Amino acid sequence: MMSHFRSEPFSPLVLARVVGILALVGIVTGAFDIGYVRNTLIVDGSVSETIHNIAAHETLFRMGFTAHIVLLLCNIPAEIIAFILLKRVNLIIAAVAMGCGLVGTAIESLDMLNAYVPLKLATEASAMGAFSPEQLQSLSYLSLQLQNTGLLISFVFYGLDEMLTGFVVFRSGFLPRIVGILLGISGFCYFTDGFVSFISPALQARLLPYLLFPCPVGEGLFALWLAIKGLNVEKWRAWTERPRGLGIASSLR
């Protein structure tokens with residue numbers, strides 16, 4: 001048993017709290033950019049007002065953009081550490097969840113290029129003499145639409161990540177089942193929002209914002225529980241003591 005403890009380079013309780021803290025930082029920074037900065041600067045249906053707001057509040061725009069980068073940076077270690085903690089319960093599902101989370105992060109990271117275009121057009125319009133003001137505004141509008149599309153694509157992967165993670169948490173026993181249930185519901189809402197937006201934009205418009213209401217609850221409870229309570233270390237270690245057979249079926253127990 002002592003050799004087993006020495007084989008753990010980091011305490012699982014510490015790792016769980018690190019995941020929780022990273023998730024909380026991500027929630028706060030994401031809420032600041034998506035929930036505050038974009039709602040403040042982007043005016044639906046008015047490209048000219050949006051460009052004016054971005055040019056007039058360049059510092060706020062840059063702060064929101066930087067906060068979003070912090071969110072994406074937090075996602076990477078959080079996904080990897082969560083996999084390390086959950087793979088004992090179900091290696092395959094934990095690996096697929098991590099993969100989906102990292103793919104979603106990669107998509108959202110690339111999508112940040114679109115987020116930066118309106119600022120460049122607003123602050124460097126004089127250097128683009130070949131374009132009329134109307135054309136520059138159209139380019140800005142297109143970049144904002146593409147940014148929203150990229151975010152919805154990432155929702156599909158994030159949603160699958162949270163649904164699978166919620167299932168493993170529910171099975172684990174070292175975290176409360178309600179945390180897994182709510183996280184799974186959050187993932188289902190993200191996944192549905194992403195898919196429905198491409199299949200039927202009109203239906204998605206009717207479902208929003210109600211469809212995403214459960215997401216902060218599931219993600220918030222998951223992050224807070226890990227950051228404050230961590231996990232039940234004894235039950236976490238108990239998964240290594242269970243006999244394992246060969247083949248895929250044994251990894252799905």
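Helices (H or I, at least four residues) and strands (E, at least two) are DSSP runs, numbered from the N terminus. The model shown is predicted, so local features need pLDDT of at least 70 and side-chain atom pairs count only at pLDDT 80 or more, while totals for chains, interfaces and linings use all residues. Residues are numbered from 1 along each chain as its sequence is written, and side-chain values use heavy atoms, with hydrogens and water left out.

**Figure 1. Overall helical architecture of the protein chain.** The secondary structure comes to 11 helices and 0 strands, and along the sequence the chain reads α-α-α-α-α-α-α-α-α-α-α. Of its 253 residues, 43% count as buried; buried denotes under 20% relative accessible area, exposed over 50%, and partly exposed the range in between (1.4 Å probe, protein chains only). Among contacts (heavy atoms within 4.5 Å) with a separation of 6 or more, 79% are made by residues 24 or more positions apart.

Figure 2. Gln-145 is part of helix H6, which covers residues 133–172. With a relative accessible area of 36%, Gln-145 is partly exposed. Its C-alpha atom is separated by 9.5 Å from that of Ala-115, 30 residues apart along the chain.

**Figure 3. The crossing of helices H3 and H5.** The axes of H3 (residues 47–56) and H5 (residues 91–123) come within 9 Å and cross at roughly 80 degrees. Helix H3 is therefore roughly perpendicular to H5. The contact residues divide into 6 nonpolar, no polar and no charged: Ile-51, Ile-54 and Ala-55 of H3 meet Pro-118, Leu-119 and Ala-122 of H5. Axes are lines fitted to C-alpha atoms, for helices over the stretch in contact, with angles from 0 to 180 degrees between N-to-C directions. Angles under 35 degrees count as roughly parallel, over 145 as roughly antiparallel, 65 to 115 as roughly perpendicular and the rest as oblique. For residue classes, Ala, Val, Leu, Ile, Met, Phe, Trp, Tyr, Cys and Pro count as nonpolar, Asp, Glu, Lys and Arg as charged, and the others, Gly among them, as polar.

**Figure 4. The pairing of helices H4 and H5.** The axes of H4 and H5 come within 9 Å, with a crossing angle of roughly 170 degrees. Helix H4 is therefore roughly antiparallel to H5. The residues in this contact comprise 19 nonpolar, 6 polar and 4 charged.

**Figure 5. Salt bridges.** The count comes to 2 salt bridges, each defined as a side-chain nitrogen of Lys or Arg within 4 Å of a carboxyl oxygen of Asp or Glu. One of them links Asp-33 with Arg-38, whose closest N and O atoms are 3.4 Å apart; both Asp-33 and Arg-38 are buried. A salt bridge also joins the side chains of Arg-62 and Glu-58, at 2.9 Å from N to O. Arg-62 and Glu-58 are separated by about one helical turn, because they lie 4 residues apart in helix H4 (residues 58–86). Arg-62 is partly exposed at 35% relative accessibility, and Glu-58 is partly exposed at 29%.

**Figure 6. The cysteines Cys-189 and Cys-215.** A search of the whole structure finds 0 disulfides, a disulfide being a pair of cysteine sulfur atoms within 2.5 Å. Cys-189 is in no disulfide, and its nearest cysteine sulfur, that of Cys-215, is 4.9 Å away. For Cys-215, the closest cysteine sulfur is likewise the one in Cys-189, too far for a bond at 4.9 Å. Cys-189 is buried, with a relative accessible area of 6%, and Cys-215 is buried as well, with 1%.

Figure 7. Leu-208 and Pro-209 are joined by a cis peptide bond, with omega about -5 degrees. Most peptide bonds are trans. Pro-209 lies in the loop between helix H8 (201–207) and helix H9 (214–228).

Figure 8. Gly-35 is found in H2, residues 12–41, and counts as partly exposed at 39% relative accessibility.

Figure 9. Lys-235 lies in H10 (residues 233–238) and is partly exposed at 45% relative accessibility. Leaving aside neighbours within four places in sequence, Lys-235 is in contact with Gly-173 and Phe-174. The C-alpha atoms of Lys-235 and Phe-174 are separated by 5.2 Å, although the two residues are 61 residues apart along the chain.
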